[in-house]
Amino acid sequence: APKTLIAPSILSADFAQLGAECARTIEQGADWLHVDIMDGHFVPNITFGAPVVAKVRPHVEKPAQPAGRGTFDCHMMIAEPKKWVKEFKNAGCDLYCFHYEAAFSSAAESPEQTTDKKTNPKELIRYIHEQGLLAGIAIKPDTSVDVLWDILETSDPKERPDMVLVMTVYPGFGGQKFMASELPKVQELRKRYPELNIEVDGGLGPSTIDQAADAGANVIVAGSAVFGAKDPAEVISLLRRSVDT
Ligand code: DX5
Ligand code: ZN
């Protein structure tokens, strides 16, 4: 099975001290930092953009290898994911995870290209890889996992995602209730792809981690559970132990 990776979501951090909060979270045992980018269009909330990521990046050591410790896992809850790849690369993003639902229209350079909807996410993945970033693809609760098979089956490794993110809440806000109804997607992905990085995001914490781990998730996002804890290091290690055992 792929390595367990704990990715605290800095959406729940103190934005006034973001650099220090990120550095501290890595010291407390986190593998990745999950960076939620929201544009007020794809989701009904706004966070921050590339200039903030660029200012925070120097506070955390760049990963020594792809997907290593200190990876900035950017969860792009934005309407035009293709448009921002270069900006986020320059800002120091390591993994660019776009939403399948947003890829349709925006991966195309012109409206005519949107007709073959299925190929567009693959083109976007290729583009992200060409920029030297890892590529992730996310699905919202209302999106069937079946949309991913064609993408994961592609024969060209440049078009294959490095990670799939299965949302366990409707994206937009931290602190929502975990949706166990989404776990069959994780199970099916794990059954078919034993080595795939499968990330879960939304409502993860000590009381929900076992279900997610049993389903086969190995990349665990947790915002309020980590940043709201008295002892974040303990929560990070509890999450890791729950997945590893
Ligand atoms: C929600 C974001 C999540 C959020 C998770 O739209 O994608 O990453 O920070 O927060 P918790 O862990 O509090 O549910
Ligand atoms: Zn997220």
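## Ground rules

Helices (H or I, at least four residues) and strands (E, at least two) are DSSP runs, numbered from the N terminus. This is a predicted model, so local features need pLDDT of at least 70, side-chain atom pairs count only at pLDDT 80 or more, and totals for chains, interfaces and linings use all residues. Residues are numbered from 1 along each chain as its sequence is written, chains are lettered from A and ligands numbered from 1 in the order in which they are written, and side-chain values use heavy atoms, with hydrogens and water left out.

## The biggest pocket

Let's start with some open space. A pocket here is an open set of points on a 1 Å grid over the protein atoms alone, where a 1.4 Å probe fits, with protein on both sides within 12 Å along at least five of seven lines; its lining residues have an atom within 4 Å of a point. The largest pocket holds about 310 Å³ of space, taking volume as the space filled by probe spheres set on the points, which are joined across faces, edges and corners.

Who lines the largest pocket? There are 28 lining residues, and Gly174, Gly175, Gly202, Gly203 and Gly223 lie nearest the centre. Sorted by class, the lining has 12 nonpolar, 14 polar and two charged residues. In that scheme Ala, Val, Leu, Ile, Met, Phe, Trp, Tyr, Cys and Pro are nonpolar, Asp, Glu, Lys and Arg are charged, and the others, Gly among them, are polar.

## Helix H1, tucked in

Why is helix H1 (residues 18-27) described as largely enclosed by the rest of the structure? Because seven of its 10 residues are buried, where buried means under 20% relative accessible area, exposed means over 50%, and partly exposed is in between (1.4 Å probe, protein chains only). The buried ones are Leu18, Gly19, Glu21, Cys22, Ala23, Thr25 and Ile26.

These buried residues pack against strand S1 (5-8), strand S2 (32-38), helix H2 (50-56), helix H9 (224-227) and helix H10 (232-244), with contact meaning heavy atoms within 4.5 Å. After H1 comes Gly29, with a positive phi near 110 degrees.

## Rings meeting rings

Rings of Phe, Tyr and Trp (its six-membered ring) pair if their centres lie within 6.5 Å; planes under 30 degrees apart are stacked, over 60 edge-to-face, and the rest tilted. That rule gives three aromatic pairs. One of them is Phe15 with Phe48, edge-to-face at 5.5 Å centre to centre and 80 degrees between the planes. This pair ties together distant parts of the chain, 33 residues apart: Phe15 is in the loop between S1 and H1, and Phe48 is in the loop between S2 and H2. Phe15 is partly exposed at 39% relative accessibility, while Phe48 is buried at 11%.

Phe88 and Tyr96 also make an edge-to-face pair, at 6.3 Å centre to centre and 70 degrees between the planes. Both Phe88 and Tyr96 are buried.

## Charges over rings

A charge sits over a ring if NZ of Lys or CZ of Arg is within 6 Å of the ring centre and within 35 degrees of the ring normal. Arg57 does this over the face of Phe72, 3.8 Å from the ring centre. Lys82 puts its charged end over the ring of Tyr127, 4.6 Å from the centre.

Ala67 isn't a glycine, yet its phi is positive, near 65 degrees. You'll find Ala67 in the loop between H2 and S3, where it is partly exposed at 26% relative accessibility.
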